[in-house]
Amino acid sequence: MAYNNIIVETQGAVGLIRLNRPKALNALCQELTEEMTVALDAFEANDDIGAIVITGSDKAFAAGADIKEMQSKTYMDVYKNDFITATWERVARCRKPVIAAVAGYALGGGCELAMMCDFILAADNAQFGQPEIKLGTIPGAGGTQRLTRFVGKSKAMEMCLTGRMMDAEEAERSGLVSRIVPLDDLEDEALKVAAKIADLSRPVVMMCKESVNKAYETTLKEGIMFERRVFHSTFATEDQKEGMAAFAEKRSAAFKHQ
Ligand code: CO8
């Protein structure tokens with residue numbers, strides 16, 4: 001498929017999706033949203049891909065949903081179509097690991113998109129925010145929910161109520177991003193981390209991701225039980241046998257992804 005708003009590449013076992021609407025600071029218009037879904041479906045279906053990186057430009061990961069496209073929509077338009085967020089949840093439903101490599105603005109839906117990924121690597125110029133309140137609306141793709149889980153109620157509340165931005169340092173300090181990388185190194189670093197993950201046992205990586213995500217959705221007791229059962233089930237994979245044999249034999253593991 002030819003994409004108009006994203007650039008899709010593969011680098012070895014890593015799928016790279018670059019948001020590409022530079023004139024609109026990568027605002028997430030409807031067409032971009034649909035293209036992202038198609039690209040993710042293709043990477044998920046491709047056995048040669050073990051991890052996915054989503055990135056933007058040096059100036060903007062994404063400055064939010066497309067305000068100009070949204071402004072005239074009525075309640076019935078957005079309600080009937082479950083406007084935009086139902087589609088974006090595709091990112092959170094990915095079974096393969098997805099890394100957000102964020103430089104510049106990650107605002108509104110851009111911040112929400114980054115938070116739907118499994119972890120966020122931030123360039124030193126990254127700025128995060130949920131400025132919807134300044135537009136007379138509220139975050140609509142998980143901003144009030146995921147941001148609160150990442151940074152706690154007080155900071156999330158302040159950010160959502162004032163719309164102020166958080167720089168990379170503050171985002172790292174408060175647990176929103178896993179770490180900060182110099183802007184020039186961001187993409188290489190994200191691809192390197194993704195390649196490392198893609199080299200591991202892919203089914204076990206998926207199980208691990210499911211288990212960490214469970215921590216957000218259930219009680220500690222149930223999460224621990226879920227984890228234990230998944231841990232047990234890794235023993236049914238060939239890759240667990242290979243991984244442990246390789247350790248004992250002092251060699252690198254050659255996972256077959258099964
Ligand atoms: N939508 C549409 N166009 C945008 C957006 C946007 N979100 N952000 C920037 N642009 C456009 C500008 O209109 C401008 O276009 P033009 O040159 O034609 O006037 C161009 O991008 C460059 O922008 P600026 O001139 O404003 O650039 P600055 O460097 O001066 O400012 C800012 C950068 C601070 C990022 C500024 O552009 C800004 O405040 N943008 C809006 C940020 C915002 O409010 N985002 C939240 C949008 S609402 C939302 O995301 C709801 C989420 C719903 C779910 C989404 C699911 C993923």
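Okay, one term before I start: a residue counts as exposed when its relative accessible area is over 50% and as buried when that figure is under 20%, with partly exposed in between. Keep in mind that this is a predicted model.

So, let's begin with tyrosines. Tyr75 has a relative accessible area of 56%, and Tyr79 comes in at 55%. The cut-off is over 50%, so both of them count as exposed. These two residues sit in helix H3, which runs over residues 75-80, and they are 4 residues apart, about one turn of the helix.

Now the phenylalanines. Phe231 and Phe235 make an aromatic pair too, and this one is edge-to-face, with 5.3 Å centre to centre and 85 degrees between the planes. How exposed is Phe231? Partly, with a relative accessible area of 48%. Phe235 is also partly exposed, at 36%.

Altogether, the structure has 2 aromatic pairs.

Lys214 lies over the face of Phe226, 4.7 Å from the ring centre. Hold on to helix H10, by the way, which spans 202-214, as we'll meet that helix again in a moment.

On to pockets. The largest pocket holds about 890 Å³ of space. It is lined by 34 residues, and the ones closest to its centre are Cys117, Asp118, Lys209, Asn213 and Tyr216. Which elements give two or more residues to that lining? Helices H4 (85-92), H5 (109-116), H6 (143-151) and H10, plus strand S7 (119-123). H10 gives the most, with 9 residues. If you sort the lining by class, you get 20 nonpolar, 10 charged and 4 polar residues.

The second largest pocket has a volume of about 560 Å³. Here the lining is 25 residues, and Ala65, Met70, Glu132, Thr137 and Ile138 lie nearest the centre. Helix H2 (67-70), H4 and H5 each supply at least two residues, and the largest share, 4 residues, is from H5. By class, the lining of this second pocket divides into 15 nonpolar, 7 polar and 3 charged residues.

How values were computed. Residues numbered from 1 in each chain as written. Predicted model: local features only at pLDDT ≥ 70, side-chain atom pairs only at ≥ 80, totals over all residues. Heavy atoms only, no water. Phe/Tyr/Trp six-rings, centres within 6.5 Å; stacked < 30°, edge-to-face > 60°. Buried < 20%, exposed > 50% of the residue type's maximum accessible area, 1.4 Å probe, protein only. Lys NZ or Arg CZ within 6 Å of the ring centre and 35° of its normal. 1 Å grid on protein atoms, 1.4 Å probe; cavity = no way out; pocket = protein on both sides within 12 Å on 5 of 7 lines; lining within 4 Å. Points joined across faces, edges and corners; volume = space filled by probe spheres on them. Nonpolar A, V, L, I, M, F, W, Y, C, P; charged D, E, K, R; others polar.
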